Amino acid sequence: MQKTVFGEKMTNALDRKISAASLLKFAAPTIFSMLLMEVFGIVDGLFVVRLIGTDALSAVNITFPIILMSIALGMMFSSGGSALVARRLGQKREREARRNFSLIALSAFVCGCVMAAMGLRFLKPLLYFLGTNDALFDMCYEYARAALLFMPITIFSCVFFMFYIARGKAGLGMAVSASAGLINVVLDYVFIALCDMGLFGAALATGIGYSVSGLIGVLYFTLNRRGSLYLEKPKWSWFVLSKTCTNGASEMVSNVSICIVTVLLNNIVMRLAGADGVAAITVVLYMQTSLMSVCFGYSMGISPLISYNYGKRETARLKQTFSISLKLIGLVSCGVFAFCNLAAAGLVGLFVDRGTHVFEMAYKGLHLFSFTFLFMGLNVFASALFTALSNGKVSAVLSFCRTLVFVAGFLLILPQLWQMTGVWLSVPLAETLSCAVSVYCFIRYRNVYKFA
């Protein structure tokens with residue numbers, strides 16, 4: 001009887017009336033998690049640039065695709081798997097949901113081990129492919145090596161992120177994410193400022209922080225068996241894994257595409273403006289992820305609600321969720337665009353001193369880049385929506401076009417015409433074009449899924 005009661009309590013977290021206040025309340029822990037992660041990420045970057053130097057910040061950006069690959073893998077299993085599991089819970093198939101969840105978590109860990117082993121084996125040629133030069137190689141090597149060593153366990157921190165929400169414990173997920181970021185920042189000070197360990201210390205701090213987050217998730221979902229969702233002996237299923245991977249393909253595609261674009265971007269900028277240009281790009285990219293974290297957090301936070309109501313055939317709730325979400329994301333996007341332009345000097349000044357070459361490039365670039373924020377929120381929501389509706393194909397196409405095809409196309413053309421100005425305009429133009437594709441998909445599938 002106790003299990004049933006707790007199971008109903010967990011389910012009731014997803015079974016709720018829809019309003020702007022209700023959606024914001026439900027998504028709030030995820031939004032705050034994303035905000036905290038970005039704040040701690042900025043602090044991490046500040047330790048690197050202020051205590052080591054702008055070359056170190058360039059090295060972090062060059063090696064970032066390695067870390068992004070682990071995030072890509074974790075988010076594929078997390079987003080694709082949580083949509084599947086939440087739908088099972090909506091259909092009252094709780095035992096099947098637990099077995100699916102356990103298989104997804106185990107598979108993600110195994111894939112992480114394989115990726116880490118391959119990365120360490122071919123690290124030197126990999127770093128030169130990512131865009132490093134001889135001057136930055138040593139810093140890139142020490143940062144990448146530490147990141148790869150921690151990759152298998154840190155993947156758990158990404159995998160469990162969405163499943164806290166599906167279990168009705170989004171607040172706990174926020175606390176775990178916050179603890180990982182806080183540990184990262186504290187260890188940054190210890191390893192970089194006190195122990196003078198350079199970029200290896202920065203990567204070590206990040207790896208330990210996210211490893212703690214992953215281990216907390218393993219313990220929580222293993223030991224806390226009072227709800228409807230916890231780890232148990234998995235049951236092998238090719239269907240579950242293929243459905244998880246295809247449904248989460250958009251998140252995987254998005255992050256892999258960002259890896260490819262980052263490599264392309266770093267190589268182009270290194271040729272046009274050297275290490276200072278890469279540092280300027282890195283500062284602006286910090287602003288991009290930080291300022292849009294609310295939209296990312298909101299879209300991820302309400303995904304289990306969409307999956308649950310889709311599984312229950314609650315058409316009216318789906319329509320309310322869609323309509324309210326467009327309005328909220330539109331308001332946030334316009335606000336972020338205005339704030340970025342008004343506070344550009346202060347934002348860039350957090351990382352680099354005024355009057356420097358890096359500052360001037362980043363300041364000019366941020367004004368041009370800021371048009372990204374008008375369209376990015378809607379594009380992120382569109383991809384999350386179709387993932388939650390278990391249409392990984394459409395979600396993957398949206399992500400693939402937005403994060404790779406359009407950006408890469410503009411990067412290959414515009415810098416040839418306008419040098420660094422072309423670089424700064426590539427992403428805003430790609431987001432604008434992606435917005436048109438997202439709107440088309442909304443219209444094309446609104447009657448299929450009854451969300452509008």
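A cavity here is a set of points, on a 1 Å grid over the protein atoms alone, where a 1.4 Å probe fits but cannot get out, and a residue belongs to a lining if it has an atom within 4 Å of a point. Points are joined across faces, edges and corners, and a volume is the space filled by probe spheres set on them. The model is a predicted one, with local features needing pLDDT of at least 70 and side-chain atom pairs counting only at pLDDT 80 or more, while totals for chains, interfaces and linings use all residues. Residues are numbered from 1 along each chain as its sequence is written, and side-chain values rest on heavy atoms, with hydrogens and water left out.

To start with the overall picture, the protein chain has 18 helices and zero strands, both being DSSP runs numbered from the N terminus (H or I and at least four residues for helices, E and at least two for strands). With a radius of gyration of 21 Å, close to the 22 Å that the globule rule gives for 452 residues, the protein chain is as compact as a globular protein of that length. That radius is taken over C-alpha atoms, and the rule is 2.2 Å times the number of residues to the power 0.38. Along the principal axes, the C-alpha atoms fill a box of roughly 65 × 45 × 35 Å. Of the 452 residues, 58% are buried, where buried means under 20% relative accessible area, exposed over 50% and partly exposed in between (1.4 Å probe, protein chains only).

Four cavities of 30 Å³ or more turn up in a search of the whole structure. The second largest cavity holds about 70 Å³, and its lining consists of L265, I281, V284, L285, F369, L411, V423, W424 and V427. Helices α11 and α18 each put at least two residues into this lining, with α11 giving the most, four residues.

At least two lining residues come from each of α3 (54–90), α4, α5 (123–130) and α11 (249–291), and α11 has the largest share, at four residues. The lining of this pocket splits into 15 nonpolar residues, one polar and no charged. G119 sits in helix α4 and is buried, at 9% relative accessibility. From G119 to F221 is 102 residues in sequence and 29 Å in space, C-alpha to C-alpha.

The aromatic side chains come next. There are 26 aromatic pairs in the structure, counted for rings of Phe, Tyr and Trp (its six-membered ring) with centres within 6.5 Å; planes under 30 degrees apart make a pair stacked, over 60 edge-to-face, and the rest tilted. F109 and F156 are stacked, at 5.5 Å centre to centre and 5 degrees between the planes. This pair links distant parts of the chain, 47 residues apart, with F109 in α4 (residues 94–121) and F156 in α7 (residues 151–166). F109 is partly exposed at 29% relative accessible area, whereas F156 is buried at 11%. The rings of F386 and Y445 form an edge-to-face pair, with centres 5.6 Å apart and planes at 70 degrees. F386 belongs to α16 (residues 373–388) and Y445 to α18 (residues 420–449), so this pair ties together parts 59 residues apart in sequence. F386 is buried, at 0% relative accessibility.

Ring pairs also join F101, F109, F156, F160, F163, Y164, Y220 and F221 into a cluster. Charges sit over rings too, the criterion being NZ of Lys or CZ of Arg within 6 Å of the ring centre and within 35 degrees of the ring normal. R121 lies over the face of F122, 5.0 Å from the ring centre, and the charged end of R444 is over the ring of Y445, 4.9 Å from its centre.

Note on methods:
Nonpolar A, V, L, I, M, F, W, Y, C, P; charged D, E, K, R; others polar. 1 Å grid on protein atoms, 1.4 Å probe; cavity = no way out; pocket = protein on both sides within 12 Å on 5 of 7 lines; lining within 4 Å.
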